[in-house]
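Please keep the sequence and the model in view while reading.

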Amino acid sequence: MTRRSIGIIVNGVTGRMGYRQHLVRSLLAIRESGGVALADGTTIWPEPVLVGRNETKLRELAERHGLTDWTTDLTSALARDDVEIYFDAQVTQQREKAIRQAIEAGKHIYTEKPLAEDTAAALDLARAADAAGVRTGVVQDKLFLPGLRKLKRLIDGGFFGRILSVRGEFGYWVFEGDWQPAQRPSWNYRTEDGGGIVVDMFPHWHYVLEELFGRVTAVSCVTATHVPERVDEAGHPYAATADDAAYGIFELDGGVIAQINSSWAVRVYRDELVEFQVDGTEGSAIAGLRNCRVQHRALTPKPVWNPDLPATEDFRAQWAEVPDNEEFDNGFKAQWEAYLRHVVAGEPFRWDFLAGARGVQLAELGLRSAREGARVEVPELRS
Ligand SMILES: NC(=O)c1ccc[n+]([C@@H]2O[C@H](COP(=O)([O-])OP(=O)(O)OC[C@H]3O[C@@H](n4cnc5c(N)ncnc54)[C@H](O)[C@@H]3O)[C@@H](O)[C@H]2O)c1
């Protein structure tokens with residue numbers, strides 16, 4: 001067995017996503033499970049190079065995991081020959097500049113979403129990366145979640161007949177930060193710092209809809225800032241200038257209508273933090289992060305509307321659980337493994353910068369729809 005080490009810059013590793021999902025749950029977890037095995041017997045072995053702004057935080061974080069390779073100097077890390085991949089989990093506003101630098105240094109690039117702050121910049125990054133011949137990827141973790149994998153299995157197996165509509169409900173209460181600390185960073189609530197739920201969530205909804213149901217051809221969206229003042233990490237009140245809820249309708253190729261509510265100002269009366277209901281002529285499903293339940297046409301009850309009578313049916317009990325039938329790994333880790341195979345062995349990987357740019361485009365057009373109070377068509381982006 002040959003071990004193929006690969007140096008990976010993890011920029012923004014002190015952040016929520018950079019640390020937990022990408023370093024600990026993906027790259028270190030890959031090492032713990034023995035690396036990524038290729039068909040020819042080679043094992044890909046990630047060697048993280050931790051990059052950030054704060055020396056103390058980086059040193060402490062590295063020591064916690066027995067790592068020694070860290071720096072606050074991105075330029076020198078990019079100059080190293082043993083570093084082949086640049087990964088970015090910084091705040092969104094810092095991303096474009098750093099990715100351009102990585103392209104110039106000839107590194108392959110994997111990044112958190114959104115790829116850039118606007119479509120023009122995202123498309124430009126996709127073109128520059130193509131011209132430089134580097135292999136790109138954008139995180140699309142929701143596709144790898146057990147609930148959505150089971151939903152995809154149902155679609156591939158023809159369970160739904162003709163799919164009619166999709167209803168997504170995403171969200172939870174994010175504390176304002178006064179009497180209980182907020183569970184998300186304060187920049188998420190300031191437009192001037194790259195925040196807002198549309199910019200955050202529409203890239204996710206884009207790839208979920210496109211991969212499972214069809215290309216998004218038009219968007220209608222209403223946004224709101226339900227909680228206008230919040231308290232930041234230092235205990236200072238600030239004006240929440242960004243949208244904290246978005247009510248979107250997405251028209252898809254083939255006629256499917258998708259409606260997705262996204263909100264950080266909603267209390268959860270659901271089984272999971274995101275759930276998608278899919279209704280088709282032959283059956284329906286509810287998919288969450290982990291679970292997926294179905295109701296077939298033949299088992300569909302026949303309720304009759306009569307508000308004078310109490311409900312006689314236990315509607316929730318009439319759905320059946322879709323079995324796992326396989327082991328599901330962490331979604332971020334699964335996508336990292338696919339990306340590493342792509343870089344090292346040239347295996348196909350379709351979640352590239354152009355796919356990321358399409359997600360940015362949907363967020364941009366969703367915001368335009370909200371601003372103009374209009375339905376906006378989504379033109380097809382090409383490289
Ligand atoms: N895939 C997902 O499900 C998912 C979920 C949440 C966030 N994200 C994305 O991940 C990225 C990071 O989000 P997060 O929630 O981890 O944020 P965070 O605030 O916890 O972390 C941000 C990181 O960026 C660094 N940074 C670099 N320059 C900075 C600057 N000028 N100001 C502030 N921080 C700076 C910080 O030090 C920190 O390491 C965002 O682009 C976000 O859209 C993705």
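**Notes on the ligand site, helix packing and backbone**

1. The ligand has an oxygen atom placed 3.3 Å from a polar backbone atom of G12. The model under discussion is predicted, and the distances in this note should be read accordingly.

2. D141 places a polar side-chain atom 2.9 Å from a nitrogen atom of the ligand. W187 has a polar side-chain atom 2.9 Å from an oxygen atom of the ligand. In total, the ligand is surrounded by 23 residues. The closest of these are T14, R16, T92, R95 and W187.

3. Attention may now turn to the helices. Helix α1, spanning residues 16–32, packs against helix α8, spanning residues 331–345, with an angle of about 60 degrees and axes 9 Å apart. The crossing of α1 past α8 is right-handed. On the α1 side, the contact is formed by M17, Q21, H22, R25, S26, L27, A29 and I30. On the α8 side, F332, K333, W336, E337 and L340 take part. Sorted by class, the contact between α1 and α8 comprises seven nonpolar, three polar and three charged residues.

4. How are helices α5 and α9 oriented relative to each other? Helix α5 covers residues 119–132 and helix α9 covers residues 353–372; they pack at an angle of about 175 degrees, and their axes are 8 Å apart. Because an angle over 145 degrees counts as roughly antiparallel, α5 and α9 are described as roughly antiparallel to each other. From α5, the residues T119, A122, L123, L125, A126 and A129 meet F353, L354, A357, V360, Q361 and E364 from α9. This contact of α5 with α9 contains nine nonpolar, two polar and one charged residues.

5. Helix α9 also packs with helix α7, which spans residues 197–212; the two axes come within 8 Å and cross at roughly 120 degrees. That angle makes α7 oblique to α9. The crossing of α7 past α9 is right-handed. The α7 residues in contact are V198, V199, F202, P203, H206 and E210, and those of α9 are A355, R358, G359, L362, A363, G366 and L367. By class, the contact of α7 with α9 has eight nonpolar, three polar and two charged residues.

6. Two backbone details deserve a reader's attention. Most peptide bonds are trans, and most residues other than glycine have a negative phi. The peptide bond joining K113 and P114 is cis, with omega about -15 degrees. P114 is located in the loop between β6 (108–111) and α5.

7. N325 is found in the loop between β17 (320–321) and α8.

Note on methods. Residues numbered from 1 in each chain as written. Predicted model: local features only at pLDDT ≥ 70, side-chain atom pairs only at ≥ 80, totals over all residues. Heavy atoms only, no water. Axes fitted to C-alpha atoms, helices over the stretch in contact; angles between N-to-C directions. Helix = DSSP H or I, 4+ residues; strand = E, 2+ residues; numbered from the N terminus. Left-handed = near helix turned anticlockwise from the far one by under 90°. Contact = heavy atoms within 4.5 Å. Nonpolar A, V, L, I, M, F, W, Y, C, P; charged D, E, K, R; others polar. Near = heavy atom within 4 Å. Polar contact = N/O pair within 3.5 Å; in protein donor to acceptor, adjacent residues only side chain to side chain. Parallel < 35°, antiparallel > 145°, perpendicular 65-115°, else oblique.
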